[in-house]
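Here is a friendly walk through one protein model, from its surface and charged pairs to its chains and cores. Keep the viewer open as you read.

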Amino acid sequence: MEGRVAYENDLNLKATELRLGLPGTHEEQQAVSSRVGNNKRPNDESDDQNETAPPPKAQIVGWPPIRSYRKNNYQPKKTESDGGGIYIKLSMDGAPYLRKIDLKVYSGYPELLKAVENMFKFNIGEYSEREGYKGSDYAPTYEDKDGDWMLVGDVPWGMFITSCKRLRIMKGSEARGLGCGV
Amino acid sequence: MESFELKRSKDSVNSDQSAHWSSFPDEVLERVLSRLKSHRDRSSASLVCKDWYHAERWSRTNVFIGNCYSVSQEIVVRRFSRIRSVTLKGKPRFSDFNLVPENWGANIHAWLVVFAAKYPFLEELRLKRMAINDQSLEFLAVSFPNFKALSLLSCDGFSTNGLAAIATHCKNLTELDIQENDIDDIGGSWLSCFPESFTSLEVLNFANLTSDINFDALEKLVGRCKSMRVLKLNRSVSLEQLQRLLVNAPRLAELGTGSFSQELIVREYEELESALSNCKNMHTLSGLWDAKGIYLPALYPACTHLTFLNLSYAALQSLELAKLLPHRRRLKHLWVLDTVEDKGLEAVGLNCPLLEELRVFPADPFDDEIVHGVTDAGFVAVSFGCPRLHYVLYFCRQMTNAAVATIVQNCPDFTHFRLCIMNPGQPDHLTNEPMDEAFGAVVKTCTKLQRLSVSGRLTDRTFEYIGRYAKNLETLSVAFAGSSDWGMQCVLGGCPKLRKLEIRDCPFGNAALLSGLEKYESMRSLWMSACNVTMNGCRLLAREMPRLNIEVMKEDGSDDSQADKVYVYRSIAGPRRDAPRSVLTL
């Protein structure tokens, strides 16, 4: 929920840029405006524009009234769960039950697809922009924020993990229809 | 120090009556008065008559100076000749939040030089918000052969080299308490400066230091100081090292652990648990950096008599706190991070009926987008379960007037009520009204209230309530509040016991400042920053009240006529001579 950039609303050219990087690196790191005083916090907060949040406030010196030793000493381990995981349902046509996976643990499509293949014991085939997933009866798809079913792999990884609501491995004729000039 | 002025007038009045009073031989009077421990009692006693004044000053061994600039070293040593213990406080409290320029003053050195001459048998020095450098620490270490206890709280200017000097030279040291200072931590070798023959240490607190310490030296030190009762480690000490220390110090009454999250195998975990459970005297526990719920059960056996639990460095979740608390029904003081959320505070309300003090610190105070933390609900839950609650420090992101009214109805005995709604000027989140009625309820219901910090959107109404009802209020902190001069005038006109008033970012101007003319001499100090006070207003105050020191600190690039930061305090020492150029004394 935190730090989402409104890709779907803006003509955000940066969003369609293909980039390498770990999940979450798409977050813009804007400098907090007019940070006055020697605030010793090690990392700046990212002040993303959010549909509901007001514009970023200027950091007020000495507010909230926390002593600097306390600011320096407490360093939350943000690598732990809670705000980190992006858990989505993964279904496979014909499988008796669904799985849940954390998109954040994968660094890109190859890793994700490999994990999915291992989970359901099948082969996905090779991705190409023109023809979708060739050489297999299966196509990995996902439901995006708008409720549309999209082929996995078309958009940059970072954009994918924020817009993906659930994953579905389509099988058979339905799968073959995808990615062919649609 | 209020007694000085009054003493001069009393002398003439009491000279006839002194014959009546001095039927006690001086020695008896001194003996009796030496039993008085409280500074206020001693001040009162010294005002009775000349004989009592002298008997008191000869029998006093402990002097407390709440503002180091309110009196001069010469006056202190002239009045008291037998001092063994000195407590000195320096900078205004807002220096903790970077509002005071760095070189403002409050340097201890001049005091040490005078003490070395007049109190060579000085044993204890307790400093708060003073500037102290390594040379001063070294001077201290070599000048007082009987020196026993050093406590530095919120001080700055020194490094671990200074601590090394103390360790090297103070042969009789019983207490070294280094808390929350801005210290230049060069490394942990200072611990090895305690000589092999040194065994007297009872209190050692270096939790504030960040670098690795010489563990070998620490282990040997703890091993040979058999009377150690307070040990507060820093984060660099691991669980395994903690266990080794505890084996040698089972009589500890207060323990501050180091980092509480090492990977332990079963045997190591059991050894830790066993070492902790041997500490049958432990009543205070702190530290617990990085503590994970999984290791907290190791603490359970040690904590049966725990009265103070400081979890403010351990980002516990609500469930972890809820599991920890049922074993701790005797808790009187609890400090936590707001990661425990309202559910965690519900557990507090259910399990800690004897709770007297609660402090909830924010884990992420600067992140506006955080939706976690604690709210009005958590505070209300605690109040229902803890009727004895009288001290609270609560950082939250939302509060309601109704909640506060309920809270003080459940806990009418508040002496310290410090509520910080972190978004400045935020109204009641349900009704969107100002938070006036909340603080109105506090001052009306809690007649014993001594200290109050207000926050949220507040109009002058809040200050009308405070002035009218807060008869025992001594300290008031105000930020981003009020509508006009009238608010501050209400406080200065009411609140008979007001001693410290600190205000920032409020629409109070000269009229408000000047309405307190008579009041400031009965107060320790006034701080006003980012208000509407001008240089002319300050000059007028300085002219009318020559026995007040008026200091103005200007911000870079601000209007010449504005008095950005004003610090007013009474003093019998006159204007200070060590102010830096950025501080104007009027």
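Is E240(B) buried, partly exposed or exposed? At 33% relative accessibility, E240(B) counts as partly exposed, where buried means under 20% relative accessible area, exposed over 50%, and partly exposed in between (1.4 Å probe, protein chains only).

Before going on, a word on the ground rules. This is a predicted model, in which local features need pLDDT of at least 70 and side-chain atom pairs count only at pLDDT 80 or more, while totals for chains, interfaces and linings use all residues. Residues are numbered from 1 along each chain as its sequence is written, chains are lettered from A and ligands numbered from 1 in the order in which they are written, and side-chain values use heavy atoms, with hydrogens and water left out.

**Charged pairs**

Side chains of opposite charge can pair when their charged atoms come close. Over all chains, the structure holds 31 salt bridges, each being a side-chain nitrogen of Lys or Arg within 4 Å of a carboxyl oxygen of Asp or Glu. Three of them are listed here.

| Salt bridge | N to O distance |
|---|---|
| R84(B) and E123(B) | 3.8 Å |
| E123(B) and K148(B) | 3.7 Å |
| E240(B) and R244(B) | 3.8 Å |

Helices (H or I, at least four residues) and strands (E, at least two) are DSSP runs, numbered from the N terminus. R244(B) is also partly exposed, at 33% relative accessibility.

E123(B) takes part in the pair with R84(B) and in the pair with K148(B). E123(B) counts as buried at 18% relative accessibility, whereas R84(B) is partly exposed at 36% and K148(B) is partly exposed at 29%. Elsewhere, a network of salt bridges links R67(A), D96(B), R129(B) and E180(B).

**Chain B**

Chain B has 21 helices and 23 strands. Its radius of gyration is 25 Å, close to the 25 Å that the globule rule gives for 586 residues, so chain B is as compact as a globular protein of that length; the radius is taken over C-alpha atoms, and the rule is 2.2 Å times the number of residues to the power 0.38. The C-alpha trace of chain B spans about 75 × 65 × 55 Å along its principal axes. Of the 586 residues in chain B, 58% are buried.

**Chain A**

Chain A contains five helices and seven strands, in the order α-α-β-β-α-β-β-β-β-α-β-α along the sequence. Buried residues make up 40% of its 182 residues.

**Nonpolar cores**

A nonpolar core is a set of buried Ala, Val, Leu, Ile, Met, Phe, Trp, Tyr and Cys residues joined through side-chain atoms within 4.5 Å. The largest has 184 residues, and those with the most contacts inside it are W190(B), L204(B), F414(B), F417(B), L452(B) and I466(B). Leaving aside residues up to four places away in sequence, I466(B) touches V443(B), L452(B), V454(B), L473(B), L476(B), V491(B) and C495(B), a contact being heavy atoms within 4.5 Å. A second, separate core of 27 residues includes L112(A), Y138(A), I161(A) and C164(A).
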